[in-house]
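I opened this notebook to keep track of what I looked up, one topic at a time. The entries follow the order in which I read the structure.

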Amino acid sequence: MTEAQPFDLNEVKRELASDAAALGFAAIGVASIEIPEDERHLLRWLDEGFHGEMEYMERHGVMRSRPQRLAPGTVRVVSARMDYWPAEARDAEEALADPTMGYVSRYAVGRDYHKILRRALATLAQQLQARIGPFGYRVCVDSAPVLEKALARNAGLGWIGKHTNLIARDAGSYFFLGEILTDLALPVDAPASAHCGTCEACIPACPTGAIVAPYQLDARRCISYLTIEHHSAIPVELRPAIGNRIFKVRHNLDGTALTELFRWTAEEFEERTRGSAIHRLGYERWSRNIAVALGNAPSSTDAIRALEERAEDASPLVCEHIEWALERQRSSRG
């Protein structure tokens with residue numbers, strides 16, 4: 001790219017925002033790449049061991065806080081927000097209150113957001129390239145080592161709450177984030193201001209006590225980590241607090257009995273989760289999670305039967321959780 005650019009970067013940014021809205025993004029913003037305090041926070045978090053089995057967090061290190069290492073030449077990050085609250089899904093509190101049913105994080109009810117968001121961001125960059133000519137960029141969605149919440153905050157999309165999630169005034173935290181790392185020196189937006197004030201309601205609200213202090217999350221206690229990222233046995237002391245949270249998908253499964261889900265074969269799991277975010281979980285961890293939920297469910301003959309049916313051919317990991325669940329089911333019956 002030559003120094004004398006044949007386009008106005010302010011106009012480019014306006015057109016980018018218009019194209020983003022047409023592609024389904026609720027908001028976009030632009031941030032610089034300097035986030036030194038967030039980098040220090042990341043390094044302290046890693047030193048505490050709060051990342052658990054996510055060794056890739058430590059392996060990537062400061063690459064996560066320095067986008068220019070991930071994509072050389074990067075001077076700006078375009079942060080984009082896409083809302084996901086599934087209007088067709090069962091009410092979250094209602095689903096959580098029914099221990100015989102499986103509960104899923106609302107973001108996983110639909111199609112795999114990685115593909116949807118990455119495709120939309122790539123289209124956004126390609127449309128801009130068609131308009132102004134070639135420029136350097138890289139699209140990032142979740143799995144890329146980027147401190148997306150810090151960059152989104154600096155891009156004006158929201159503030160980081162004491163639970164460590166990004167909060168937007170008009171959408172809470174029910175949205176996905178994606179980024180375009182670029183060598184275009186677009187005008188930056190003002191960072192979002194914080195609005196938590198003295199409120200700390202999120203801390204005691206966490207079922208497993210994963211928010212150990214304001215802005216401090218111990219992933220080793222987090223239900224999202226335990227049911228998705230954690231590959232080994234879920235700590236016994238945390239299993240009761242997980243309740244019926246299993247992580248589930250579409251195909252009208254938002255109100256399906258745990259016993260029915262537990263009876264899926266590996267082939268049924270593949271067929272019914274293909275194209276969704278849950279697919280990367282794999283059949284073993286899926287079964288492990290449901291076994292825990294069945295152990296937390298009210299005692300019933302059907303639950304005991306479903307657990308016993310799987311006990312003979314399940315993996316050692318799943319069998320451990322089945323035995324735990326059966327003990328709880330049987331002891332509840334007196």
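**Entry 1. The chain.** I began with burial: buried residues make up 50% of the 334 residues in the chain. Buried here means under 20% relative accessible area, with exposed over 50% and partly exposed in between (1.4 Å probe, protein chains only). The model is a predicted one, in which local features need pLDDT of at least 70 and side-chain atom pairs count only at pLDDT 80 or more, while totals for chains, interfaces and linings use all residues. Residues are numbered from 1 along each chain as its sequence is written, and side-chain values use heavy atoms, with hydrogens and water left out.

I then listed the secondary structure, which comes to 15 helices and eight strands. Both are DSSP runs numbered from the N terminus: helices are H or I with at least four residues, strands E with at least two. Of the contacts (heavy atoms within 4.5 Å) with a separation of 6 or more, 73% are between residues 24 or more positions apart.

**Entry 2. The cores.** I looked up the largest nonpolar core and found 57 residues in it. Such a core is a set of buried Ala, Val, Leu, Ile, Met, Phe, Trp, Tyr and Cys residues joined through side-chain atoms within 4.5 Å. W45, F262, W286, I290, L307 and I322 have the most contacts inside this core. The elements giving it two or more residues include α2 (36-47), α13 (283-296), α14 and α15. I checked I290 separately: leaving aside neighbours within four places in sequence, I290 is in contact with I246, L258, L261 and F262. Another core lies apart from the largest one and has 28 residues, among them L16, A80, L121 and I132.

**Entry 3. α15 and its partners.** I took α14 (residues 301-311) and α15 (residues 316-332) as a pair; they pack at an angle of about 155°, with their axes 10 Å apart. Axes are lines fitted to C-alpha atoms, for helices over the stretch in contact, and angles run from 0 to 180 degrees between N-to-C directions. The angle makes α14 roughly antiparallel to α15. For the angle words I noted the limits: under 35 degrees is roughly parallel, over 145 roughly antiparallel, 65 to 115 roughly perpendicular, and the rest oblique. On the α14 side the contact includes I304 and L307, and on the α15 side I322 and L326.

Next I compared α13 with α15, whose axes come within 8 Å and cross at roughly 10°. These two helices are therefore roughly parallel to each other. Residues of α13 in this contact include R288 and V292, which with others meet a set in α15 that includes H321 and I322.

**Entry 4. α1 and α6.** Helix α1 (residues 9-22) and helix α6 (residues 113-132) have axes that come within 10 Å and cross at roughly 140°. That makes α1 oblique to α6. V12, E15, L16, D19 and A20 of α1 meet L124, Q127, L128, R131 and I132 of α6.

**Entry 5. H230.** Where is H230 placed? I found H230 in the loop between α9 and α10 (239-242). Is H230 buried or exposed? H230 is buried, with a relative accessible area of 8%. Not counting residues up to four places away in sequence, H230 touches E53, Y225, P235, R285 and R288. I also noted that the C-alpha atoms of H230 and M54 are separated by 7.9 Å, although the two are 176 residues apart along the chain.
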